[in-house]
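Subject: Structure handover

Hello,

Please find the structure below, followed by notes on what was found in it.

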Amino acid sequence: MNIEPLLKALSDALAGEGPAVQISPDGSFALIPQAELGLPAGSDTEIAAVVLTSGSTGTPKRTLLSVDALAASSVGTAMALSGEGQWLLALPMNYVAGLQVLVRSLFAGTRPWAMDLSGGFTPEAFTEAALELTDKMRFTSLVPTQLSRLLRNPSAETLTVLRRFNAILLGGGPINPVLLEAARGAGLKVVTTYGMSETCGGAVYDGVPLDGVHLTIRDGRVLLGGDVVASGYLGNSALTEASFFEEEHHGEMVRWYASGDLGELDDQGRLRVLGRVDDVIITGGLKVSAAAVTNGLHRVQGVREAFVVPVDSLEWGQQVAAMVVASCSESELLQGAAAVLEPHLVPKTVVLVSELPLLATGKPDRRAILAALTEASRSA
């Protein structure tokens, strides 16, 4: 894939010398003049990129990322990873994680290598692309499903190229602790990340905010602030006002984004994401956290991935349902779940699959999963 024209357009935008860039799923891109971005009159903010949110929980939004926000994110990442280097692009460029691979490369002055995703993500294609990296400092960003595929009966060559990365950023969804332990046990330098399009991608690494990023929990909800926060949504001023605000923090005015995630800080001050605000399942009058069920299923032997949602139930109002990638049978899964979860947390509907349905970002396709589990619950 020839990404040179896109890199040139991004370089101009980041230098404040060109229009904002919006990348399409096929890798093509559009240039949007600053005057068409709906910024307040007299604003000196330069928008470098317009990025779609994943749309995993609703309609995708077009997020405005400024030059300053992307620069702050890039600097914070370089500090967290102890240096800059060459990046392997293994994610779609039209979403923030893929875009950031290109942006970080431009700020570092290095040439990214774009993996061929025309045939989907495969260990063979990833390994072939990773072998093209020539810098001593090497980085890539993956989602959990990709890392799971890479570590499922990996070849010696795949393990070798994975171990050469100075850091593998892993984010975009819940991470099975068994997968993380296996990756680190195999000698991979995995860094877990938390963030979203509205924070220029990952803003919290291994539970710790990047330099210059503020993190707080308010009414159980995760709030992120600082220079990495987006300028708002293109063409949606009402949602911008509902999601972003400015507030004094330790004597300075800080721009904040109120995420849709629940979280808490552990005794070391590290962020622990507990699931989405709208992921609470009310079944038989009891409140169930979808994230708590997912975490429990991840502890069952043989489970590689799990995605938990509520489905409607005449008897319970809602009931817990799960789509699971596992090497065990359904009865073994439920027995294992009963051993680690309270009875009302054990899924009443389970669908075993070889792979979760995914969005283009590599994240699980929530709506497709919900439709399949709803159908399964009706057929039970």
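F139 has A167 of β8 as its bridge partner. Helices (H or I, at least four residues) and strands (E, at least two) are DSSP runs, numbered from the N terminus.

This is a predicted model, in which local features need pLDDT of at least 70 and side-chain atom pairs count only at pLDDT 80 or more, while totals for chains, interfaces and linings use all residues. Residues are numbered from 1 along each chain as its sequence is written, and side-chain values use heavy atoms, with hydrogens and water left out.

To stay with strand β8 (residues 167–170): β8 also pairs in the parallel sense with strand β9 (residues 190–196), here over three bridges. In that pairing, L169 is opposite V191 of β9. Both faces of β8 are covered, with A167 and L169 buried on one side and I168 and L170 buried on the other. Buried means under 20% relative accessible area, exposed over 50%, and partly exposed in between (1.4 Å probe, protein chains only).

Next, the nonpolar cores. A nonpolar core is a set of buried Ala, Val, Leu, Ile, Met, Phe, Trp, Tyr and Cys residues joined through side-chain atoms within 4.5 Å. The largest one has 48 residues, and L65, L70, L81, L99, L102 and L224 have the most contacts inside it. Helix α1 (residues 4–14) gives the most to this core, namely six residues. L99 touches L10, I23, A49, V51, L65, P92 and M93, leaving out residues up to four places away in sequence; contact means heavy atoms within 4.5 Å. A second, separate core has 26 residues, including F121, I168, L180 and A186.

A49 stands opposite L65 of β4. The strands concerned are β3 (residues 47–52) and β4 (residues 62–66), which run antiparallel and are joined by five bridges. Because five of its six residues are buried, β3 is largely enclosed by the rest of the structure.

Two helices cross in the following way. The axes of α2 and helix α3 (residues 96–108) come within 10 Å and cross at roughly 80°. Axes are lines fitted to C-alpha atoms, for helices over the stretch in contact, and angles run from 0 to 180 degrees between N-to-C directions. That makes α2 roughly perpendicular to α3, the class for angles of 65 to 115 degrees (under 35 is roughly parallel, over 145 roughly antiparallel, and the rest oblique). On the α2 side the contact is made by L70, A71, S73, S74 and T77, and on the α3 side by Q100, V103, R104 and F107.

S74 lies in helix α2 (residues 67–80) and is buried, with a relative accessible area of 5%. Not counting residues up to four places away in sequence, S74 touches R104 and F107.

Now to an open sheet of three strands, in the order β20-β21-β22 and with mixed pairing. β20 (303–313) and β22 (349–353) stand at the edges with a single partner strand each, so one side of each has no neighbour in the sheet. From one strand to the next the twist averages 20°. β20 pairs with strand β21 (residues 317–326) in the antiparallel sense over 10 bridges, and a hairpin of three residues joins β20 to β21. Across this pair, S313 is opposite G317 and P310 is opposite V320. β20 is mostly covered, with nine of its 11 residues buried.

Helix α10 (residues 330–340) touches β20, β21 and β22, and its direction makes about 125° with that of β22. Helix α11 (residues 366–379) also touches β20, β21 and β22, and its direction makes about 65° with that of β20.

Two further items remain. Helix α9 (residues 290–298) is mostly covered, as seven of its nine residues are buried; they are A290, A291, V293, T294, G296, L297 and H298. H214, found in strand β12 (residues 213–218), is buried with a relative accessible area of 18%. Leaving aside neighbours within four places in sequence, H214 is in contact with L223, L224, G225, G226, H249, E252, V254 and W256.

Regards

Note on methods: Two strands pair if DSSP finds at least two bridges between them.
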